[in-house]
Amino acid sequence: MFRHKQLLLLLALTSLTACESSVGVIKGLNPHHAPASFQKAIARDAGLELQDLYLPAFTKIIITQSTNDPFGEALIADLRMRGYAIEEKSEKQAQTPKTSAPQTILHLSYLLDGIGENYWRLQLLSGSGTERYTRAYQNLDNPPGFMPLGSWTKLNYPQKEKEAVL
């Protein structure tokens, strides 16, 4: 019975991914903000997923939103620890030294929102808006920690085609 509730919640969370377009950490339908330790654990999990998708030594991540929340700070620290070059929105545009290694530039934003007492959804959004990685989590009380409620889900949104000028 408990597994069925988790499965239904996971389906509900992933079906809502196209409904929300704002970024950051929001309380959503949950009046209780996630503990900082929970947000740090989710940030580590997000760092692992990004590491699997983009090579740290060859990827520069430009964070396209303010990161003055526990999740954003933990995500930036985790990504830097993994070897990513990070540029935050608040940083002034600095001259980037030329390197011989090819570099991928990833514009990244995130949305962490809560549904219910202990259920959270994280979305990692690409700057172009065509890719969205989503995962649902449950905040555990005993033992303290978190549990992913499924694997990462990738949604691809088609790019708008430019109209041909005749």
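A residue counts as buried when its relative accessible area is under 20%. By that criterion, in this predicted model, five of the five residues of strand β2 (residues 59-63) are buried, and the strand is therefore largely enclosed by the rest of the structure. The burial extends to both faces of β2: Thr 59, Ile 61 and Ile 63 are covered on one side, and Lys 60 and Ile 62 on the other.

The pairing of β2 involves strands β3 and β4. With strand β4 (residues 104-115), β2 pairs in the parallel sense over five bridges; among the residues involved, Thr 59 has Thr 104 in β4 as its bridge partner. With strand β3 (residues 85-87), the pairing of β2 is again in the parallel sense, over three bridges, and here Ile 61 has Ile 86 as its bridge partner.

Together, β2, helix α3 (residues 70-81) and β3 make a right-handed β-α-β unit.

Helix α3 also packs against helix α2 (residues 36-53), at an angle of about 40 degrees and with the axes 8 Å apart. Because of this angle, α2 is classed as oblique to α3. The crossing of the two helices is right-handed. On the α2 side, the contact involves Ala 36, Gln 39, Lys 40, Ile 42, Ala 43, Arg 44, Ala 46, Gly 47 and Leu 50. These residues meet Pro 70, Phe 71, Ala 74, Leu 75, Asp 78 and Leu 79 in α3.

How values were computed. Residues are numbered from 1 along each chain as its sequence is written. This is a predicted model: local features need pLDDT of at least 70, side-chain atom pairs count only at pLDDT 80 or more; totals for chains, interfaces and linings use all residues. Side-chain values use heavy atoms; hydrogens and water are left out. Buried means under 20% relative accessible area, exposed over 50%, partly exposed in between (1.4 Å probe, protein chains only). Helices (H or I, at least four residues) and strands (E, at least two) are DSSP runs, numbered from the N terminus. Two strands pair if DSSP finds at least two bridges between them. A crossover is right-handed if, with the strands pointing away from the viewer, the path from the first strand over the helix to the second runs clockwise. Axes are lines fitted to C-alpha atoms, for helices over the stretch in contact, and angles run from 0 to 180 degrees between N-to-C directions. Angles under 35 degrees count as roughly parallel, over 145 as roughly antiparallel, 65 to 115 as roughly perpendicular and the rest as oblique. A crossing is left-handed if the near helix is turned anticlockwise from the far one by less than a right angle, and right-handed if clockwise. Contact means heavy atoms within 4.5 Å.
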